[in-house]
Amino acid sequence: MKRVAFLFTSAPHGSSAGREGLDALLATSALTEEIGVFFLSDGVTQVLPAQSPEKILARDYISTFKILPLYDIDQCWICAQSLRERGIPAEQNFVIKAEVLEPEALRTRLDEFDVLFTF
């Protein structure tokens, strides 16, 4: 079975990429248990708590990331450099349990996967 990685690189609001990625991620979980989830660049904001999507008339799917463990998706990583560039502390409480890694360690993890989907 191929190992599949989902890379979230876009901010949660302003496009549907995050929601589409989450939908694809949950659908793929029915086919394989070998899934990794990576939050890079603006994608690190996908898992920040206390967002107010209703203020911009958007749907709140961010809290849906909380259900990943119910789908046996527990391999999640967040880019430490991306957090620093956005002024977000690595100790931040995210809506999911994820390991914060420096870029080189993150690339090493990415190399463990056969297929990469970017959203």
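**The sheet and its surroundings**

Author: Let's begin with helix H3 (residues 103-110), which lies across E1, E2, E3, E4 and E5 and runs at about 115° to E4. The names come from DSSP runs numbered from the N terminus, with helices (H or I) of at least four residues and strands (E) of at least two. Contact means heavy atoms within 4.5 Å, and angles run from 0 to 180 degrees between N-to-C directions of axes, which are lines fitted to C-alpha atoms, for helices over the stretch in contact.

Please keep in mind that this is a predicted model, in which local features need pLDDT of at least 70 and side-chain atom pairs count only at pLDDT 80 or more, while totals for chains, interfaces and linings use all residues. Residues are numbered from 1 along each chain as its sequence is written, and side-chain values use heavy atoms, leaving out hydrogens and water.

Now to the sheet itself. Its 5 strands are ordered E4-E3-E2-E1-E5 in an open, parallel arrangement, where two strands pair if DSSP finds at least two bridges between them. Strand E4 (99-101) and E5 form the edges, each pairing on one side only. From one strand to the next, the twist averages 25°.

How many residues of E2 are buried? The count is 5 of the 5, so E2 is largely enclosed by the rest of the structure; buried means under 20% relative accessible area, exposed over 50%, and partly exposed in between (1.4 Å probe, protein chains only). Ile-35, Val-37 and Phe-39 are buried on one side of E2, and Gly-36 and Phe-38 are buried on the other. Helix H1 (residues 17-28) lies across E1 and strand E2 (35-39), and its direction is about 165° to E1.

Next come the aromatic rings. Rings of Phe, Tyr and Trp (its six-membered ring) pair if their centres lie within 6.5 Å; planes under 30 degrees apart count as stacked, over 60 as edge-to-face and the rest as tilted. By this rule there are 9 aromatic pairs. One of them is Phe-6 with Phe-119, a stacked pair at 6.2 Å centre to centre with 10° between the planes. This pair links distant parts of the chain, since Phe-6 sits in strand E1 (residues 4-8) and Phe-119 in the segment after strand E5 (115-118), 113 residues apart. Phe-6 and Phe-119 are both buried. Ring pairs also gather Phe-6, Phe-8, Phe-39, Phe-65, Phe-117 and Phe-119 into a cluster.

The whole structure holds 7 salt bridges, each a side-chain nitrogen of Lys or Arg within 4 Å of a carboxyl oxygen of Asp or Glu. In one of them, Arg-3 meets Glu-34, with the closest N and O atoms 2.8 Å apart. Arg-3 is in the segment before E1 and Glu-34 in the loop between H1 and E2, so this pair ties together parts 31 residues apart in sequence. Arg-3 is buried at 18% relative accessible area, whereas Glu-34 is partly exposed at 31%. Arg-3 also lies over the face of Phe-113, 4.4 Å from the ring centre (the rule asks for NZ of Lys or CZ of Arg within 6 Å of the ring centre and within 35 degrees of the ring normal).

Another salt bridge joins Glu-112 and Arg-109 at 3.8 Å, N to O. Both are partly exposed, Glu-112 at 32% and Arg-109 at 28%. Through shared partners, Arg-3, Glu-34, Arg-109 and Glu-112 make one salt-bridge network.

Glu-102 lies in the loop between E4 and H3 and Arg-84 in helix H2 (residues 80-85), so the pair connects parts 18 residues apart in sequence. Glu-102 is partly exposed at 40%, as is Arg-84 at 49%. Within helix H3, Glu-104 is exposed at 61%.
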